[in-house]
Amino acid sequence: MDATTIVLPSAPADPGRPPLPVLAAVVPVVAGVVLWLVTGSLIALCFAGLGPLMLGASFADGHRARRRARRRAASEADEAWMRAEAELERLHAAEHADLWHRRPDAAACLRQPPLRGSEGIARGTAVVIGRGELPSGVRVSGGDDDRSRAFRERAARIRDAPVTVPLGGGICIRAPEPVAAAVVRALLMQLCLRFTPAQLAVHGDRLEEWGLGALPHAAGRRGAFRLGVGTQDGADAAVWVCPPDADPPDGITTVLDATEPLRAWLRTPDGVREVAVEGVSREQALLAIAECAAPRFAARGEEEQGLPARVGFAELGAHAAARGKGAAASLAVAIGRGVRDEAVVDLVEDGPHAVVTGMTGTGKSELLTTWVAALAAAHGPDEIAFVLIDFKGGTAFEPLRALPHVTAVVTDLDAGGAQRGVRSLTAELRRREAVLAQAGARDIRDCPGLGRLVIVVDEFAALLSEHADLGAVFTDIAARGRALGMHLVLGTQRAAGVIRDALAANCPLRISLRVADPADSRLVIGSAAAAEIPGGPESRGLAFVRRPRDAEAEAVRVALTVADDLRVAARRWEGVPVPPSPWLPPLPDRVPLADAADAGGTPVLGLADDPELQRQTWVPAGAGWAIVGGPGSGKTAAIRLLAVQHPDAVLVPADPEGAWDAVAELSTGRHGLVLCDDLDVLLAGYPSEYAQLFLSRWETIARSEGGAVVTLSRASGPLTRVIDLLPHRALLRLPSRVEHLAAGGEPGAFDRDRPAGRALIGAHEVQLCWVDEPDPRTAAPGGRHAPAIAARNPVAPLTPRWQPRAAVSGVLTPAVAPALAALRVAHPGHLVTGLDDAAPESRHGAAANPEHGVATSGAAPADRPRILVADPEQWRTHWAQLQLVRATGEFAVAAECAPELRQLGIRDLPPFARLHAGRAWRVRQGRPPERVLLS
C-alpha cells in the first residue's frame, strides 16, 4: 500500500458464550441411576450427582474464558489505534514540514534561507498569506465505526499549514493601519527573501514609511518581475492596503480582512476561510534587512572583497607617465582602490575609449569627476584638455570648471549649445587630421604641438534621445580618435540599446557600477557581478573594472573627490599656458553693430555660427528677407538695424492708414528697400476687401527691383504668398513648435528659450546685430524709429482736416446731431444745417447764383457757403438735392457709411479709414476719394 496510507484496526468482536455440556452432564446422571437400579447401592446415586456439578463447572469456566478473550481483543485494538495515531502524527508532521519548506513565510525564510534557483517569479507564484487548515495527503483505510470516522476526518486536514494564493491575482489587505503595515512587511520580506533583486523588483510610495526602503529589491532592476505596493502602474502584480470598509480595487482576486494578526478572513474566488496572518514590525524589518536580507544578495560583497569603506582622492598615488612636450604618451591614473592595490586605468593603453554604466545613485558622476581630476592632476593643460557633456541636470561637472584643462561644459539646459558643442567635435576631427598631415605624422605621439582631448559624457542615453543624429558623430570619433588623440568616456545608466556595436567595438575599457539588469552587467564586464551589488548607500562607489588584459572584472572602491582636491590640481598648473579651446565660443546674446567693422562696410544682418567649420561669419543684409518671430524676439530691432544701414530705405508706418497710403504709393513706382515691421498685424487690421488689395500690392513690392524686408509673428495664412516671393527667411523665437514648423523650421531646431535676436537662417544660428533705440524725446510723432528714418515715409503721417471748397457741401454720416455740433465749431464761416432744415428753393434748386452755381434762399446771404448734414436715409429721400450737390459741390462721407459711396458713383476702393475716429472721404466729381478728418 501507499506509504501515506494508514490501515485502521477493526472493532474487536465480543466473544460468544461457550455451549453448555448438557449431554456430558446427563450421561453421569443416567449411569448413576442405572447402577443404583442394578446394585441398589446409594453410592451409585452419588455418582449421578456428578452431572449437574460438571454442568455448573463448565458454565463457570466458559464465562472466565470469555472475559479473558474480551480483554485480549481490547488490548490488541488499543495497540493498533496507538500505532495509527502515531503514524498519523508522523505523516502530518512530515507533510507540515514539507509544506513550510516549499512554501516558507518570512519567519521560515529567516530561520532557513530558501534556495534561489534560476526559475524566477511569475504571476502564478504562490505567496503565503497566512496559516490555516489544508487538505492532507494522508489516506486512511479500514474501520467503519465512529472512532474510525473521527480518525479519518482528522487525517484528511492538516492544521497550521501555509495558506497560499497566486501573486498575479493581486492581494488587498483591509485592516487598520498598524495591522496592515505589519502584514505588508511580512509579505514583502517573504518574497524578497525567496527571490533575488534580479528576479523581483518592488516599488511603491510608502516603502520608506514601512521601513522597506533599504531592500535591494527596491532599486527596480530592469527585466525583473515588478511588484507594486499601493500601485498597479507598470506592475506585474500588486499589493494594496485599504481601510476595513473600503472596496478592493478592480482586478484584485485576494482580499484579506484582518482585525488582528492571529485572526483574519481570507476571501478568494474559491471561498472564504479563516487564517492567522503573519506580521512584522518596522524594527524587525530593519533588523532583518540589515543582518540577513541585503548581505545574502551581495555575491561579491565588500567583506568578501576586502574593499575599504571609503577612499579619498588624496590617498591615491601618482601613476602618470613622465611629462613630455605635447601629448602625453600615457594617461594611466588611479581612480580608486581594489582588493590588493590601487585601481589604475589608462585611456591610451586600455582604451582609447571607455564605457561607464551605473544606475542613478550609484556614484557614476563621482567616478567621472575623480577620473577627470586624476588626469588633470597628472597632466598639464598643454597635454590634455577636457570637454564635459552633462545631460543629467547640468550640475554634475560644475566643480570641474575650476580646472584650466576644461575647455567647455555642455549641459542639457542649453539644447542649442549642446547641439553646437557636439557638432564642433566633427570640426575638431578635421582640424587634427590637417595638423597631423601638415606635420607628416601618422599618430599624435609624433606631433609634439598637439595635445589630447578627452570628451566625457554623463548620461549618454539622454544625449542621444534628444539629439539622435549625434550618434554618428560619436561613432566617427570612436573610429578615428586613437590616432588623433581624441578619447571618449561615455557614462550611461544601461548599455543595452544605447552603445551600438560600432561604438562598443572601440570602447574596450569598461567600468560598471550597480545595474538593474544582469544582461547589462554581462554586456559591459562579461559577468552578472554588477547586477548583484546590493542597494543602499554602502554600495555607492562600488564598481567593477575590466580592461582588455583582464580575464575577469576587478572590484574597485572609487575614490571620492572634494573641492580642495580640485583646487590643488588647478594650482599645480598655474603659469602653464592654456591652449585655445578646440572650438569657438558660442554666439553672444548681443552683437553691437559696431563689432561688424571688419565686414568691409557692407551692411550686415548678424553674426552666423558655423561650428562644423569652426568659424563665425557675418551675414550680409540685403533685400528679400522675411523675418518671423514671436513677441519680444527682436523683430523690431532687426528693422531698426536695416534702416540704419540703408539710408535710402523706406519704412512703412505702423499706423494702418499710413501703411495703406505708403503701400499704395510704393506699389506704383520705383523705390529703394522697403522695410515693414509686423506685416501680419497690419494685414489683420484691415477688412477683408482692404486686406486682399493690401496683400496684392505687397506682392508687387516684393517682386520689385528695390525689394523688401518684412517681419511677421507667424508665417501662415494669406501672407505665405508674399513670404514665398522673398528669397531669404530668418526664424526668431516662436511661441510654439507648431508655429516654428509652419514657418519652415526643423523640429529639432525649435527652442522656446532662444534669446532675443537669435535667428535660425538655414542650418545656422545667427545673432542679429543690435542698434540702440532712439531717444524718445527726438522720435518722430507716431513712429518707433529715429526721426531720420521716419522722415523717409512717402506720405504724411497725419490725415488732413476736411476743408470744404464748394458753395454747398454735403456730409453723409449716421450721427447727424454730433456732426452738426462739431462742424459748426470747426467751420464758423459756413452755414451748417440739417437737410430737412434747408430752404425750399435750396432743396429744389429754384434759383442759381451765377458765382457759386447753386441755389440760394432768401434767408442766407448769397456769399455764405452751406454744409448740409444728413444720414443715408435722409439723402435718399432728398434725391434731387443729393444729385445737385454731387454735380456742383462735394461730399464728405463718414467712414462708417462706406457702402453709400456706390450711390455717389464711386466703384474703386477708397483709402482705408479707421472707424469711429472722425474719418471721412472727400468725394468730388471726377476725382478719386480722399481720406480726411471730418471733426
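Biologist: Is Leu45 buried, partly exposed or exposed?

Modeller: Bear in mind that this is a predicted model. Leu45 has a relative accessible area of 33%. Buried means under 20% and exposed means over 50%, so Leu45 counts as partly exposed.

Biologist: Nice. Which helix holds Leu45, and which helix gives the most to the nonpolar patch?

Modeller: Leu45 lies in helix H2, and it is one of the residues of a nonpolar surface patch with about 900 Å² of accessible area together. Helix H1 (22-39) and helix H2 (42-48) each supply at least two residues of that patch. With eight residues, the helix that gives the most is H1.

Biologist: Now to helix H6: how far apart are its end C-alpha atoms, and why does that agree with what a helix should span?

Modeller: Helix H6 covers residues 177-194, which makes 18 residues. The expected span is 1.5 Å times one less than the number of residues, so H6 should span 26 Å. That agrees with the model, where the end C-alpha atoms are apart by 26 Å.

Biologist: And how many residues of H6 are buried?

Modeller: Happy to compare it with the whole chain. Buried residues make up 49% of the 935 residues in the protein chain. H6 is mostly covered, and of its 18 residues the number buried is 16.

Biologist: Last one: what share of the contacts between residues at least 6 apart in sequence joins residues at least 24 apart?

Modeller: The protein chain has 26 helices and 37 strands. Among its contacts between residues at least 6 apart in sequence, the share joining residues at least 24 apart is 69%.

How values were computed
Residues are numbered from 1 along each chain as its sequence is written. This is a predicted model: local features need pLDDT of at least 70, side-chain atom pairs count only at pLDDT 80 or more; totals for chains, interfaces and linings use all residues. Side-chain values use heavy atoms; hydrogens and water are left out. Helices (H or I, at least four residues) and strands (E, at least two) are DSSP runs, numbered from the N terminus. Buried means under 20% relative accessible area, exposed over 50%, partly exposed in between (1.4 Å probe, protein chains only). Contact means heavy atoms within 4.5 Å. Patches are made of residues with over 30% relative accessible area and no salt bridge: like charges are joined within 9 Å, nonpolar side chains (Val, Leu, Ile, Met, Phe, Trp, Tyr) within 5 Å. Accessible areas come from the Shrake-Rupley method with a 1.4 Å probe; for residues, only the protein chains shown count as cover. A salt bridge is a side-chain nitrogen of Lys or Arg within 4 Å of a carboxyl oxygen of Asp or Glu.
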